[in-house]
Amino acid sequence: MQKDLGDYRKSYEKSALMEDSISDNPMELFQKWFYETEASDGVDEPNAMTVSTVGLDGFPKSRVVLLKKFTHEGFIFYTNYNSEKGRAIAANPNVCVSFFWPNMERQIIIKGKAERIPENLSDGYFESRPDGSKLGAIVSEQSSVIESREELEDKLKNLEVEYQDKEITRPEHWGGYIVKPISIEFWQGRPNRLHDRIRYSLIDELDWKMERLAP
């Protein structure tokens with residue numbers, strides 16, 4: 001079975017990325033691009049991002065998670081600490097995060113180190129979640145092998161009864177990570193595949209070096 005995709009082509013012509021019109025701070029440019037994507041209504045979940053880790057088996061693995069907050073320090077998402085990604089981060093905190101917004105013809109690639117956020121911040125976010133999502137975090141032993149879908153649903157039903165009149169508190173194995181960037185690359189599609197690529201590299205806690213990369 002095969003399919004030739006050689007004729008899949010698109011000309012990127014919506015925007016440009018020029019040094020004289022962007023901030024010296026990549027987090028400010030990220031915020032600008034994120035809000036523009038959000039306002040465009042062309043992406044269902046502009047906060048969907050791909051997190052890549054190096055697994056305990058030595059292989060890289062990427063998966064889509066949801067960005068829940070960004071600050072001047074970095075990018076925050078939540079997951080099961082005992083999951084495959086959680087175990088990978090514990091062994092090697094160097095990760096890559098990327099966003100692709102096709103309607104804007106834009107991509108962002110972030111290299112950084114992931115670390116757990118303080119427990120009180122994870123508690124606060126967990127409390128804001130719907131009860132179904134809270135119970136789902138308790139039910140799922142993420143990345144482990146299970147016998148069937150019915151096994152999950154039966155566990156959920158039992159927990160719904162157990163917590164009917166009780167507060168649902170955050171399990172210790174679930175919480176947030178912040179990815180603190182050391183490099184952020186912004187990619188803007190351009191005609192003839194001469195795309196704009198601007199990379200910011202962290203020099204110290206406050207200063208970034210900006211460089212243009214060949215497409």
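Reader: What makes a polar contact with the side chain of Glu-185?

Author: This is a predicted model, so every value here is computed from it. The side chain of Arg-197 makes the polar contact with the side chain of Glu-185, at 2.6 Å. The cut-off for N or O atoms is 3.5 Å, so a pair at 2.6 Å qualifies.

Reader: Why is Glu-185 called buried?

Author: Its relative accessible area is 12%. Buried means under 20%, so Glu-185 is buried.

Reader: Where is Glu-185, and which residues does Glu-185 touch?

Author: Glu-185 is in strand β7, residues 174-188. Leaving out residues up to four places away in sequence, Glu-185 touches Gln-107, Ile-108, Ile-109, Arg-197, Ile-198, Arg-199 and Leu-213.

Reader: Ile-109 is on that list. Why does Ile-109 count as partly exposed?

Author: Ile-109 has 28% relative accessibility. Buried needs under 20% and exposed needs over 50%, so 28% is partly exposed. Ile-109 is in strand β6. Residues up to four places away aside, Ile-109 touches Cys-96, Val-97, Ser-98, Ser-183, Ile-184 and Glu-185.

Reader: How far apart are Ile-109 and Tyr-78 in space?

Author: They are 19 Å apart, C-alpha to C-alpha. In sequence, 31 residues separate Ile-109 and Tyr-78.

Reader: What makes Arg-106 count as buried?

Author: Arg-106 is at 6% relative accessibility. The limit for buried is under 20%, so Arg-106 counts as buried. Arg-106 is in strand β6, residues 106-116. Neighbours within four places in sequence aside, Arg-106 is in contact with Ser-15, Trp-33, Glu-36, Phe-99, Phe-100, Trp-101, Trp-187 and Gln-188.

Reader: Which residues make the contact of α4 and α5?

Author: From α4 come Leu-135, Ile-138 and Val-139. From α5 come Leu-152, Lys-155, Leu-156, Leu-159 and Glu-160.

Reader: Which residues of α4 are buried, and what covers them?

Author: Lys-134, Leu-135, Ala-137 and Val-139 are buried. The cover for the buried residues of α4 includes α3 (119-128), α5 and β7.

Reader: What makes Leu-56 exposed?

Author: Leu-56 has a relative accessible area of 61%. Exposed means over 50%, so Leu-56 is exposed. Leu-56 lies in the loop between β1 (48-54) and β2 (60-66). Leu-56 touches Arg-87 and Ala-91, not counting residues up to four places away in sequence. From Leu-56 to Ile-138 is 24 Å, C-alpha to C-alpha, and 82 residues in sequence.

Reader: Why does Asn-192 count as exposed, but Arg-193 as partly exposed?

Author: Asn-192 is at 70% relative accessibility, over the 50% limit, so Asn-192 counts as exposed. Arg-193 is at 41%, between 20% and 50%, so Arg-193 counts as partly exposed. Asn-192 lies in the loop between β7 and β8 (196-202). Arg-193 lies in the loop between β7 and β8.

Reader: What is the phi of Asn-192, and of Arg-193?

Author: Asn-192 has a positive phi of about 60 degrees, although Asn-192 is not a glycine. For Arg-193, phi is near 65 degrees, again a positive value in a residue other than glycine.

Reader: Last, the whole chain. How many helices and strands are there, and what share of the residues is buried?

Author: The chain has five helices and nine strands. Of its 215 residues, 37% count as buried. Among contacts with a separation of 6 or more, 64% join residues 24 or more positions apart. The C-alpha atoms fill a box of roughly 60 × 50 × 40 Å along the principal axes.

Methods:
Residues numbered from 1 in each chain as written. Predicted model: local features only at pLDDT ≥ 70, side-chain atom pairs only at ≥ 80, totals over all residues. Heavy atoms only, no water. Helix = DSSP H or I, 4+ residues; strand = E, 2+ residues; numbered from the N terminus. Buried < 20%, exposed > 50% of the residue type's maximum accessible area, 1.4 Å probe, protein only. Polar contact = N/O pair within 3.5 Å; in protein donor to acceptor, adjacent residues only side chain to side chain. Contact = heavy atoms within 4.5 Å.
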